[in-house]
Amino acid sequence: MFVDLRESWWIRGVEIPTRVVLAPMAGVSVQAFRRQGRRFGAGLVCSEMVSCAGIEHRNERTLGYLRVAADEHPLAIQIFGSDPRAMAEAARMVVAAGADLVDINFGCPVRKVTKTGAGATLLDDPARAGGIVEAVATAVDVPVSVKMRRGLRDGSRTCLEVGPMLVEAGAATLTLHPRSAQQMYTGTADHALTAELVSLVDVPVIASGDVTSRAKAQSVLATTGAAAVMVGRGAQGNPWAIRQIVDGETGEPTREEVVAELVLFIRETVRELGERRAASFLKKFYGWYLGRGRFPRQFKQELVVLDSTEEVERLLIAAAPGALPLLELLEDEVPSGDEVLLDLPISIYGGG
Ligand SMILES: Cc1cc2nc3c(=O)[nH]c(=O)nc-3n(C[C@H](O)[C@H](O)[C@H](O)COP(=O)(O)O)c2cc1C
């Protein structure tokens, strides 16, 4: 069965223009990543986790505050926490900031998060998980989505019990990353479980895990009946993968295209996080963009030791001067201004 990845689908009243969703990734899904994802064909993008604990105490370590721009929609903003009342309050704030969907994280396996009773650990406490979904769904008018793992321990099938309960509690869509929390990111995502979940619920299911190519996306959609695939690591430093998955466009980007996208990404991230935070945050992206045989390895090593993003930019442009006109075109396309700042901190932890 061939699935048209350019076909739109719906989560209640929200139209999602393609069947590819860009994954929420802590430390990655900054605004530049989400906007780029939309430009390259993701039908829906998702923020990093924002912490509803920020409502009560503002002393945790955070990456900064979330900005929402006009060209990100449809946008899901992900919240995490364990207290239904605080989660409902966070959901209201997230919607006021412009979220088209509120996504709840029941997948984060990181100890700093699970020890507070949030993230994946809620899969072992279905009553509380259901209470959170119900409180959030009651608090907001937009659809509520839940992102979860298969369960806490290897071989767990907990998602098949909890998933239908969460739909009953008000979830309008479920995203399943069918690895256990214990597995973190090892092994493979077992999408046979995704197919089982699809057969148990009457809301659209998004399949997350190991989708890196069009062929894989097609086979996951065809064999699971999921409404969409989510792409995470495959899109790190590689928005071209999204275009390839959605449109079947093959061919590697030119060096000029890579440099233009990376420089735009740098500039937008500096604007979002400030120079000091952005300079260290961005280092991992240099390897992601410049790897895959696009530039010699040594070039990346030269960039990561530089202190300022301006110096990085200078070297990048020197390596591919033809990137400048492309960069100008990109900057003209990206709308500026009319942004909303969400008064909830982005968690530095995260995962799912
Ligand atoms: C660095 C990193 C950070 C992540 N952070 C989050 C997060 O904050 N919330 C979440 O629900 N999932 C998070 N995830 C999980 C991804 O959304 C996705 O489910 C997972 O990586 C599997 O998809 P992939 O194989 O396409 O990467 C994270 C994954 C990675 C690699």
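1. Is tryptophan 10 buried, partly exposed or exposed? Tryptophan 10 counts as partly exposed, because its relative accessibility is 48%; buried means under 20% relative accessible area, exposed over 50%, and partly exposed in between (1.4 Å probe, protein chains only). This residue is placed in strand E1 (residues 9–11). Helices (H or I, at least four residues) and strands (E, at least two) are DSSP runs, numbered from the N terminus.

2. The model is predicted, so local features need pLDDT of at least 70 and side-chain atom pairs count only at pLDDT 80 or more, while totals for chains, interfaces and linings use all residues. Residues are numbered from 1 along each chain as its sequence is written, and side-chain values use heavy atoms, with hydrogens and water left out.

3. On the surroundings of tryptophan 10: not counting residues up to four places away in sequence, tryptophan 10 touches Glu15 and Pro204, where contact means heavy atoms within 4.5 Å. The C-alpha atoms of tryptophan 10 and threonine 173 are separated by 9.8 Å, although the two residues are 163 residues apart along the chain.

4. On the overall form: the protein has 14 helices and twelve strands. Its C-alpha trace spans about 55 × 50 × 35 Å along the principal axes. Buried residues make up 56% of the 352 residues. Of the contacts with a separation of 6 or more, 73% join residues 24 or more positions apart.

5. On helix H6 (residues 191–200): His191, Leu193, Thr194 and Leu197 are buried there. They lie on the same side of H6, because they cover an arc of only 135° around the axis; the arc is that of the directions from the helix axis to the C-beta atoms. The buried residues of H6 pack against several elements, including strand E8 (144–151), helix H5 (158–169) and helix H7 (214–224).

6. On the largest pocket: its volume is about 430 Å³. Of the 29 residues that line the largest pocket, the closest to its centre are Pro24, Met25, Tyr185, Arg233 and Gly352. Strand E9 (173–180) and strand E11 (228–231) are the elements that give two or more residues to this lining. On a 1 Å grid over the protein atoms alone, a pocket is an open set of points with protein on both sides within 12 Å along at least five of seven lines, a cavity is a set where a 1.4 Å probe fits but cannot get out, and lining residues have an atom within 4 Å of a point. Grid points are joined across faces, edges and corners, and a volume is the space filled by probe spheres set on the points.

7. On the cavities: there are three of 30 Å³ or more. The largest cavity has a volume of about 70 Å³, and among the residues that line it are Val21, Pro24, Asp103 and Lys147. Strand E7 (101–106) and E8 each supply at least two residues of this lining. The second largest cavity holds about 40 Å³ of space. H1 gives the most to the lining of the second largest cavity, with four residues.
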